[in-house]
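This report describes selected features of a single protein chain.

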Amino acid sequence: MALHVPKAPGVPQMLKEGARMFSGLEEAVYRNINACKQFAQSVRSAYGPNGMNKMIINHIDKQFVTSDAGTIIRELDVEHPAAKLMVLASQMQDAEVGDGTNFVIVLSGALLEAADELLRLGVTPSEIADGYENALDKCLEILPGLICEEIKDPKNVEAVTKGIIPSIMSKQYGYEDFIAELVAKACVAILPEKTTFNVDNVRICKILGSGLLQSEVLSGMVFKREVEGDVPMATKAKVAVFNCPIDITQTETKGTVLIKSADELLNFSRGEESLLEKQIKEIADAGVKVIVAGAKFGDMALHFLNKFGIMAVRLNSKFDIRRLAKTVNATVLPRLTTPTAEELGYCDSVGVEELGDTRVVFFRMESTESRISTVVIRGSTDNYMDDIERAIDDGVNTFKGIARDGRFVPGAGATEIELAQQLLQYADTLPGLEQYAVRKFAVALESIPKALAENSGANATEVVNNIYKAHKAGNKNAGYDIESENNGVCDAKEKNILDLYILKNWGLKYAVGAATTILKVDQIIMAKRAGGPKPKAAAGSDDES
């Protein structure tokens with residue numbers, strides 16, 4: 001008989017074999033802080049205009065070379081539960097503002113690093129968390145007083161470009177003016193009067209070849225496809241959009257046709273042809289010059305389309321069909337019928353162009369106000385164009401922020417140092433142990449200009465001291481000048497280094513939220529991993545693992 005070994009008393013006794021449990025400061029809190037510190041450290045070196053790139057190969061062997069924190073954390077499958085909380089906070093920032101993901105991770109990492117020192121001095125985690133929340137409230141109170149610029153009219157291309165430049169500068173330093181102008185043109189062209197701005201309405205089409213400076217903005221849409229028939233061009237065209245095949249219609253029910261003679265056979269096939277010809281003639285008579293379909297064009301149908309001089313374009317993606325219908329203002333029809341005047345769309349010019357060695361079909365809207373604009377990116381490698389796409393995405397999200405709330409605070413670490421300085425004064429007024437946490441919060445805020453300085457190869461301590469000196473002298477907008485040789489300071493407003501107010505507002509909230517949540521964890525209990533295959537992903541998930 002096998003010997004029964006009793007389990008140790010306590011929690012392990014209640015759990016299944018193989019479960020793990022960590023509790024107390026040493027095992028849980030310090031472990032969590034350590035993991036988050038390591039994670040923040042790796043992303044921190046990618047912060048700012050001079051941030052380093054990371055090369056990431058994800059679970060399906062796709063390679064990314066980028067300094068965009070949003071992409072880095074999305075492609076890294078972070079397993080550690082505490083680091084995952086930081087990732088979630090950063091993803092929430094991405095969803096809310098669309099930029100500032102790195103800011104959240106660097107700040108929450110610095111807050112946890114500061115908390116580590118306090119814990120070793122004997123301050124309890126709950127007191128640190130309370131102190132941090134106190135400091136956050138004070139920060140949000142000070143922040144509106146630091147606003148130095150406001151864009152009141154989001155339709156003013158010049159003002160909007162000024163606001164978009166800083167967010168693109170941190171990804172593509174040196175090309176920020178050119179890319180920001182593209183983004184501003186694309187966004188202002190489709191800004192609706194009443195409703196809010198939709199980020200999805202700015203499409204990006206990447207075409208290999210040439211250089212970045214050959215990129216352009218089109219009012220309308222561009223697809224990397226060939227046309228189906230022989231008609232390559234149509235101007236001032238009425239457009240019919242179908243999401244069914246353009247072919248001889250199949251009957252709904254199966255039937256048997258008994259043919260007794262050769263004449264009947266000829267008449268039968270001729271009947272099908274004449275029916276298709278009649279359908280296409282009716283569509284042509286309605287004034288349609290372009291047919292867009294979501295499925296295949298039959299050979300017979302193409303013959304008749306060429307005969308009536310109708311251009312045929314096939315798009316495989318349902319998403320693209322819906323977007324195109326929105327662009328040309330058409331209704332997507334499920335069956336091959338003659339569209340009514342209301343169901344037809346209109347486009348100024350549709351045609352095929354060759355960019356580099358890629359043939360594209362473009363739908364240009366020149367006279368009417370377009371609902372969708374496309375940025376055509378040119379570049380030498382796919383990786384490079386992907387990075388430009390991410391920079392444009394940040395720019396478009398910044399425009400969305402401007403359309404919602406056009407207020408800006410100074411960038412270049414000026415806002416953080418001003419907040420830190422005022423927090424240090426505020427800490428002196430607090431009784432109790434919270435003041436230590438508030439002081440550490442101020443020190444953690446310094447990690448942002450420090451990261452900027454370190455990534456630019458400057459002496460971080462000297463840079464922070466110089467910025468403090470300028471702020472003490474009353475210059476609230478003084479930040480780190482990345483172009484200076486001797487750890488210099490510049491006026492962020494004059495240099496046009498601005499950050500969206502909502503970016504800082506939400507970024508601070510999410511960073512502190514993640515840090516306090518991690519601090520308040522005193523036990524980690526991990527159940528035994530289930531064996532067998534991985535659970536199926538939920539419907540609609542794009543997880544390819």
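Asp285 and Lys281 both belong to helix α9 (residues 262-285), where 4 residues, about one turn of the helix, separate them. A salt bridge requires a side-chain nitrogen of Lys or Arg within 4 Å of a carboxyl oxygen of Asp or Glu. Asp285 is exposed at 56% relative accessibility, whereas Lys281 is partly exposed, with a relative accessible area of 40%. Here buried stands for under 20% relative accessible area, exposed for over 50%, and partly exposed for values in between (1.4 Å probe, protein chains only).

The model is predicted: local features need pLDDT of at least 70, side-chain atom pairs count only at pLDDT 80 or more, and totals for chains, interfaces and linings use all residues. Residues are numbered from 1 along each chain as its sequence is written, and side-chain values use heavy atoms, with hydrogens and water left out.

Across the whole structure, 13 salt bridges are found. Among the residues involved, Lys37, Asp116 and Arg120 are linked in a network of salt bridges. The side chains of Asp116 and Lys37 meet at 3.3 Å, N to O. This pair links distant parts of the chain, since Asp116 lies in helix α5 (residues 101-121) and Lys37 in helix α2 (residues 24-44), 79 residues apart.

Asp116 also pairs with Arg120, and the closest N and O atoms are again 3.3 Å apart. Both residues of this second pair lie in helix α5, 4 residues apart, about one turn of the helix. Is Asp116 buried or exposed? Asp116 counts as buried because its relative accessibility is 10%. Arg120, with a relative accessible area of 53%, is exposed.

## A nonpolar surface patch

Val257, Ile259, Leu265 and Phe268 form a nonpolar patch on the surface, and together they present about 350 Å² of accessible area. Patches consist of residues with over 30% relative accessible area and no salt bridge; like charges are joined within 9 Å, and nonpolar side chains (Val, Leu, Ile, Met, Phe, Trp, Tyr) within 5 Å. Accessible areas come from the Shrake-Rupley method with a 1.4 Å probe, and for residues only the protein chains shown count as cover.

Phe268 lies in helix α9. At 40% relative accessibility, Phe268 counts as partly exposed.

## Helix packing

Helix α13 (residues 414-428) packs against helix α14 (residues 434-445) at an angle of about 165°, with the axes 8 Å apart. That angle makes α13 roughly antiparallel to α14. The crossing of α13 and α14 is left-handed. Axes are lines fitted to C-alpha atoms, for helices over the stretch in contact, and angles run from 0 to 180 degrees between N-to-C directions. Angles under 35 degrees count as roughly parallel, over 145 as roughly antiparallel, 65 to 115 as roughly perpendicular, and the rest as oblique. A crossing is left-handed if the near helix is turned anticlockwise from the far one by less than a right angle, and right-handed if clockwise.

Helix α5 packs against α14 at about 140°, with the axes 9 Å apart, and the two are therefore oblique to each other. The crossing of α5 and α14 is right-handed. The axes of α5 and helix α6 (residues 125-142) come within 10 Å and cross at roughly 135°. α5 and α6 are likewise oblique to each other, and their crossing is right-handed.

## Strand residues and their contacts in space

Phe408 is found in strand β14 (residues 407-410) and, at 1% relative accessibility, counts as buried. Phe408 and Glu150 are 258 residues apart in sequence, with 5.9 Å between their C-alpha atoms.

Glu149 is in strand β4 (residues 149-150) and is partly exposed, at 23% relative accessibility. From Glu149 to Asp499 the C-alpha separation is 9.7 Å, across 350 residues in sequence. Glu216 lies in strand β6 (residues 216-223) and is partly exposed, at 32% relative accessibility. The C-alpha atoms of Glu216 and Leu182 are separated by 6.9 Å, the residues being 34 apart along the chain.
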